[in-house]
Every structure is written in structure tokens, then in C-alpha cells.
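Work through the exercises below with the sequence and the structure at hand. Each task is followed by a solution in steps.

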Amino acid sequence: MRFIFPIIAAVVVGASIAAVGFTFVFAHGTSYLSNDPAACANCHIMTEQYDAWSRGSHHAVAVCNDCHAPHDLIGKYTTKAINGWNHSKAFTTGNFVEPIQITARNRAITEHACRSCHADLVQMIDANHRPGGELACLRCHASVGHMQ
Amino acid sequence: MSPLSRIRRAHAMKGEGGWARWTLLLVLVAAIAGLLAMLLLGNIAERKQEAKNPFFRVVELTDQTEDPEIWGKNFPYQYDGYRRTVDQTRTRYGGSEAIARTPSDADPRSIVAQSRLEEDPRLKRMWDGYAFSVDFREERGHAFMLVDQEFTDRQHAAKQPGACLHCHASVYLAYEKLGDGDITAGFEKMNQMPYAEARQHVTHPVACIDCHDPETMQLRVTRPGFLEGIRALEAMKGVADYDPNTMATRQEMRSFVCGQCHVEYYFKGPEKRLTYPWAKGLKIEQVLEYYDEDGHKDWTHARTGADVLKAQHPEFEMWSQGIHARSGVACADCHMPYQRVGALKVSDHHIRSPLLNVNAACQSCHHFPEAEMLARAEQIQSRTFALRNRAMDALVDLIDDLEEATVAGRTDEAIGEARRLQRQAQFRLDYVEAENSMGFHAPQEAARILAESIDYSRQGQLILK
């Protein structure tokens, strides 16, 4: 009799681990830890952006993560976690604005990414402008990664 | 008190060991996590399924399936939208308002749209002697195209031919039957029938079959009027035997299917062949040049005796002169924008003014607030409307002067010239007036046309002085 409780506990815990594990695999969970741009279009919401990137000027030199995630390991996976949570919440509940818009945090990350690769060029431009001004790469070059 | 300490206290009271509490908690957490994981799994599986099957083949569709309700069984989202074209919503310069009327035996409609003739009585003078001066109402949605034509008072003012149904009903199957499989032969037969007789051959307003291949759902052009018009236009450009169904791109087809009907046209010759006057080009001068060479007139103006033309609804032609067309934007991009349904992308078959759907219609490309986009469009329309009113005043002035001169018995050369100028001025004004965007489809082109119209009207007045 005293063993029934531990057995039930073991079954429930085991089944839950299985359910979580299967859901993770079924949803291609590991793909989201990768750098593969196709993972970003798994749910089809970003199909247009993915298609446009594959025809865009940057597709030979940068994947989604290069512009949309910080380049350091912690920053990258923190950002992936935040966006992953927001995106899965949006797609599961269906409650999101269309056309989709970039958040201020993610815009800042992308802006930073432009400046990181094009530092030499940007330095020369920034030298002629007051720091903290309105100058943003994306204001004029919004479509270099993908249209829209 | 937190759940954890509650459990802890409960267990402490029973005097059980510490492991039992922790196991119970673990089971609880694991059970909830398992439940959530399965709920999520269900949702993901559903979305994957949606993405896998854009539609379910519930019924078999063939080239003989005319009734849109049957197509709707396979394509419920599209059919839902299509049915919503019954909505009557006004925009600032267009859209229809539901006006109640008492149904009669001759006209069973209990709701119609507002009369444009009452809104602007100058239209009656412009169209004097023509059926449009008797009854002309704001157009309603696709759902009403057949009834509104069947019961307009224009039917009593003049004998209308079966050719009208080319664009007021789903004629694909009717043409096929009348022509024993040959659409063009069926088209030729129906064109010549009296309207009432031709009406017996059709059942639905525009339907799925008119724009879609039932096997592949690909867009297709079924209207002989457009096929012949675009062939003539492409021949002028040096392309022989142009056939949009085999030679047009998908994006072109997303405008061509609309251009099957939203165009300028006339009934050519005694056989009333519906013809799109595009053999010299799509611009208004080219259309007019075509008509002048053909010697066509729609009617003789009752007040002035001028041989004049009625412009129809040249949306396709006007759009082709605008910046959106030049940028590769098709009719369907703004009038049937994509909408998200779960993991599916469905083009909105509730065809309507983009001004009623700014978010989906404009903001996929223009990253400005809705109010800003609406203000931009309405500014274009307000400017066009102001210019249109000036052109209308100028035309009415010319008509008055010309009528006075005619009544006074003048028959000199100036009269003939003034009549020719009336034809030029009137067609231009009507072209913008009849076009259903109040200038938006090509703002500068509309303004240019109206400016020329004003000039022709005033030139006509000067000649009579």
C-alpha cells in the first residue's frame, strides 16, 4: 500500500516528461537553437520575410540571427528566449497585430548589428554627426535584409 | 498563503515525512506541465495540419459547376468573404448607402443605393437624351450586379441588349451552352438578344467560375470582351495572338481578372459586339482616337445635337496610368489583400474599397498610421472632386451656350466645332466621373484629364462667341 503513492508519482512525472519531450521534438524545438533561417519560418508567419531575404542583397553574408540576435552567446540566447516566448504566445493565441512590426528592442539589436559589421564605414559617418542623434541605418536601408 | 506553504502545513498537521510533501508537489507540477504540453501539442498539430492542407476537397468541382455555394464547400473562407459583398458602406467619395424603397411588381427591390442624379443634377444635363439621365445610382457590391441592372429604370428608357450581361452575370456557362462549347460563339449570340431574353440564360452574379479554373484554382480570364481587347492592345505593341491565360504572369492575372469588366467599352455595330476600345492604347486620347476613327457615338445630345460618348467605368485603364500599376501592384493587392486565418493566408474575397480596410490593404507596404494613409487617399480624392466640379460647371456652361445657339438657328461652322469640343470635354469629364476611385487610381492622370476637359469646354464657349 505504501508503494502506491510513489508509483503514481513516478508515472505522472514520467508521462509529463514524455509529453513535454514529445511536444518539443514535434515542434522542431531544437531548430530554434540553431542558426538555420528556415527555422524562423517554421510557423509560416515570416514566410514573406524569409522569401524576401533569400532574394535580398544580404542573404549571402548574413542569416536571420546575424541581424536579429546579438553577437555574444548570452545576449543571443537571451534574445532568442524572449522572442521565442513572444512569438509562440502570439501564434498560439492568434492575438497579434498585422502587418507584423518589429519591437523597439529588436530594432535596436538590428541597428547594432549593422554597425558591428559596417563599423569602418559607419565610423566615418558618425564622426560628422553628433552622437545620440536621429541617425539610424535602418531609416534609409530598411530593405537590405528583406523587403518590409 | 502560498500553495507550497499550505501543502507544507497540511502535511505537518498529519505528521507525515518531508519527502511525501515534496513528491506531491512534484506530481502536481509535473501533471500541470504535462497538461500544458499536451494542449500546446494539440495546438501545434492543428496549425501544422492547417498549413499542410490549404483546403479540403469536400465536393468535386468541374467546369460545369456554376453555383458559388458549391464551390464554397471547398473554400469556406473565400466564400464567406464573397457573400459579404452585400455590405453597403460609404466612403467619403464612394460606396453605397442603403436606401429603403417600396417594392413593386416591376421592381421587387426593397433596398437600393442613393441616386447620383439627385446628388448632382448636372449629371442629367450632361447625359440629356441618354438612359443614364433617367436613373443612375451609386454602384453597390458585386452581390447586386445582376438585380441592380435588371431593375434599373434605364431598362425602360431604352432597349438594352444581352451584351450587358457579359459583366452583370456569371455568363461563362451560359456562353458555353449557347455556343455549343465555343465561348466566343455563345458571346456573339447573347450580345444580340434582347436583355430580357438573355436574362433567362443566366442565374448568378459574378461567381467563382468566372475567374478560377475549377481544377487548379488558378486565375483565368473567361470574358471574350477582355480577351479580344487585350489581344488588340498587345497586337498594337507588336505581340501577335496574345492570350492572357497562357502568356500573362500570375501578378498580371491578379489585375486582368478584374479588368474583364472594370473597363471602358462600347457595343460595336448592329450585332452589338461588346468591344473594349484598346486597339490604339489604354490612354484616354488613344481611346478617343479609336472612337473617332470608328465613327462611334453613344447618342446625340438632346440639347446640343452633339454626337457624344458615355464613359463607363475605366478602372483598369485609369489604374494602368498610375504609380501603383507602375510599381507592379495589382488590383487584388489592395482590393483583396491577404488575411491570416490560423496558419493559412487567404486573399480576402470581400471585394471592397481599400479605404474600408486600410490595415490590410495599405499597411503591408506603407508603414504609416491608418489615419495618415486614409488622409493621403482622401486628399487626392478631395482635389480630384474639386476639379471634377469645375469641369462639370464648364461643361454645363458649354451645353447652355450651345443649346442657345442651336435654338437661335445657328448652323455655321462654329456650331460643328463646338459640338466636337463638347464630345471631347464630356468624354474626359465622364471618364473621371465614372471611374470608381475619384482619381486615386492615377491622381495626376485624372487631374490632367479634367484640366483638358475644362479647357475644351471653355474653348467651345469661346468659339460660339
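Predicted model: local features only at pLDDT ≥ 70, side-chain atom pairs only at ≥ 80, totals over all residues.

**Exercise 1: Elements and extent of chain A**

Task: Give the number of helices and strands in chain A, then set its radius of gyration against that of a compact globule of 148 residues.

Solution. Step 1: chain A contains 7 helices and 0 strands. Step 2: the order along the sequence is accordingly written α-α-α-α-α-α-α. Step 3: the radius of gyration of chain A is 21 Å, while a compact globule of 148 residues would have one near 15 Å. Step 4: the C-alpha trace of chain A spans about 80 × 30 × 30 Å along its principal axes.

**Exercise 2: Domains of both chains**

Task: List the assigned domains of chain A and of chain B, and find how far apart their centres are in chain A and in chain B.

Solution. Step 3: in chain B, domain 1 covers 3-52 and domain 2 covers 68-355. Step 4: the centres of domain 1 and domain 2 of chain B are separated by 62 Å.

**Exercise 3: Helix pairs in chain B**

Task: Decide whether H22(B) and H23(B) are roughly parallel or antiparallel, and do likewise for H21(B) and H23(B).

Solution. Step 1: helix H22 (residues 413-434) and helix H23 (residues 443-464) of chain B have axes that come within 8 Å and cross at roughly 160 degrees. Step 2: angles over 145 degrees count as roughly antiparallel, so H22(B) is roughly antiparallel to H23(B). Step 3: the residues in contact include Leu421(B) and Ala425(B) from H22(B), and Ser453(B) and Tyr456(B) from H23(B). Step 4: the crossing of H22(B) and H23(B) is left-handed.

Step 1: the axes of helix H21 (residues 370-407) of chain B and H23(B) come within 9 Å and cross at roughly 20 degrees. Step 6: H21(B) and H23(B) are therefore roughly parallel. Step 7: H21(B) also passes H23(B) in a left-handed crossing.

Notes: Residues numbered from 1 in each chain as written. Chains lettered and ligands numbered in written order. Domains from an automatic or database assignment. Helix = DSSP H or I, 4+ residues; strand = E, 2+ residues; numbered from the N terminus. Rg over C-alpha atoms; globule rule 2.2 N^0.38 Å. Axes fitted to C-alpha atoms, helices over the stretch in contact; angles between N-to-C directions. Parallel < 35°, antiparallel > 145°, perpendicular 65-115°, else oblique. Left-handed = near helix turned anticlockwise from the far one by under 90°. Contact = placed C-beta atoms within 7 Å.
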